[in-house]
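Trainee: Hi! Could you walk me through this structure?
Mentor: Happy to, let's look together.

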Amino acid sequence: MTTTGIELRNLRKLYEAHGHASWAVDGVDMTIGAGKFITLLGPSGCGKTTTLRMIAGLEIPTSGQIFRDGEDITDQPVTDRDMRMVFQDFALFPNMTVEENVAFGLRVKRKKGQYSEAQIRQRVAEFLELVHLKDHALKKPHQLSGGQKQRVSLARALVTDPKVVLFDEPLGSLDANLRKIMQLELIRLHRELGKTFVYVTHDQDEAMAMSDSIAVMSQGKVMQFGTPREIYDRPANRYVASFIGHAHIVNAMVESQQADAMTVRLENGDRVGLQGTPTVAPGSEVGLMLRAEDLAFADAGAGAIGGKVVDSLYRGEYVEYVVELLGNAGVVHVHARTDLPAVAHGTTVALSVNPTKAHVVVH
Ligand code: ADP
Ligand code: MG
């Protein structure tokens, strides 16, 4: 099996609308390893779809280059790129059966002599089996559920054996439960087929759960490209820290650093000890990233920070407390087990911070 890697070099796209020009994609550099599952993650309008469409050849870059296995394909037509795209709205042919929808791309290739009719039949059956649609082969799209329609569009994309599969928010129109099932299906298909997947979503949970690496995007730029763990545990800047995992960031100053152990001081004078942080010069102003799952109610004393409970939300799995740090030093959220006694609104509390999970960002 051969797989294909992609490299984007300083890729840019300028759009003009109503006499106003703006960069939809503004200097994206990225190496997408062969056979990897890579996700472009970011809020609506950050340039994910435009980047994907440039990879597919559906959009011409204003500048920059795209390489496939070292070959410059920037000016190669869509049909020569051997990539297939899966969309949120399925884009199925309504008058064709499931089988005919999946066979369509192969029939086009048959005209070029690539497949015989017998091979097409066999391949379609194989891919309907792969996406668990064998029993629905003769149905029309309107007779299928949303999840089944998306399986048809997956089979249709995969059956032609493309080198790269591009996904633009393919699960966006499915309900939450079905989305989780389809996430597992996509991971399985990726594992079984070993193809390069480039996936677009604005859903961080989806990106975290499925990807080998994530590119977090904002305003046409990649803010960080790393494994889900790197992105979550060691965000490179304030933007990534606050976008991923609902972190709260409070102002702090670095007091001391020795090897990878750091002490920072909050605006109210409380101190927090951290481990495994980046090196930052003492005296620097930083953002201290505190996630709800890394904070816990504790006894007042050394290493604890002071706050006041201002709200609580019962989440079923845990209780989420909103805590204002004393001296207007910021607001954090704290997750507490539901079997612990409730902490009343207005209570002054001390919080312990997990030193290996708290993190500082400079920019
Ligand atoms: P995303 O997929 O992350 O939501 P897009 O790539 O679709 O973002 O869009 C990025 C930016 O480019 C947005 O500001 C959008 O309005 C603009 N844009 C996208 N397509 C066009 C177009 N065909 N003409 C003009 N502006 C566009
Ligand atoms: Mg989009």
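**Around the ligand**

Mentor: A polar side-chain atom of Lys48 sits 2.8 Å from an oxygen atom of ligand 1, a polar contact (a pair of N or O atoms within 3.5 Å). The protein covers 59% of the 570 Å² of accessible area that ligand 1 has on its own (Shrake-Rupley method, 1.4 Å probe). This is a predicted model, where local features need pLDDT of at least 70 and side-chain atom pairs count only at pLDDT 80 or more, while totals for chains, interfaces and linings use all residues. Residues are numbered from 1 along each chain as its sequence is written, chains are lettered from A and ligands numbered from 1 in the order written, and side-chain values use heavy atoms, without hydrogens and water.

Trainee: Which residues surround ligand 1?
Mentor: Among them are Tyr15, Ala24, Pro43 and Lys48, where near means a heavy atom within 4 Å.

Trainee: And how far is the backbone N or O atom of Gly47 from an oxygen atom of ligand 1?
Mentor: That distance is 3.1 Å; for Cys46, a backbone N or O atom lies 3.2 Å from a ligand 1 oxygen.

Trainee: New topic: in what order do the strands of the open sheet come?
Mentor: The 4 strands run 2-1-4-5, with antiparallel pairing. Strands are DSSP runs (E, at least two residues), as are helices (H or I, at least four), numbered from the N terminus; two strands pair if DSSP finds at least two bridges.

Trainee: Which strands stand at the edges?
Mentor: Strand 2 (20-32) and strand 5 (71-72); each has a single partner strand, so one side of each lacks a neighbour in the sheet.

Conventions: Polar contact = N/O pair within 3.5 Å; in protein donor to acceptor, adjacent residues only side chain to side chain.
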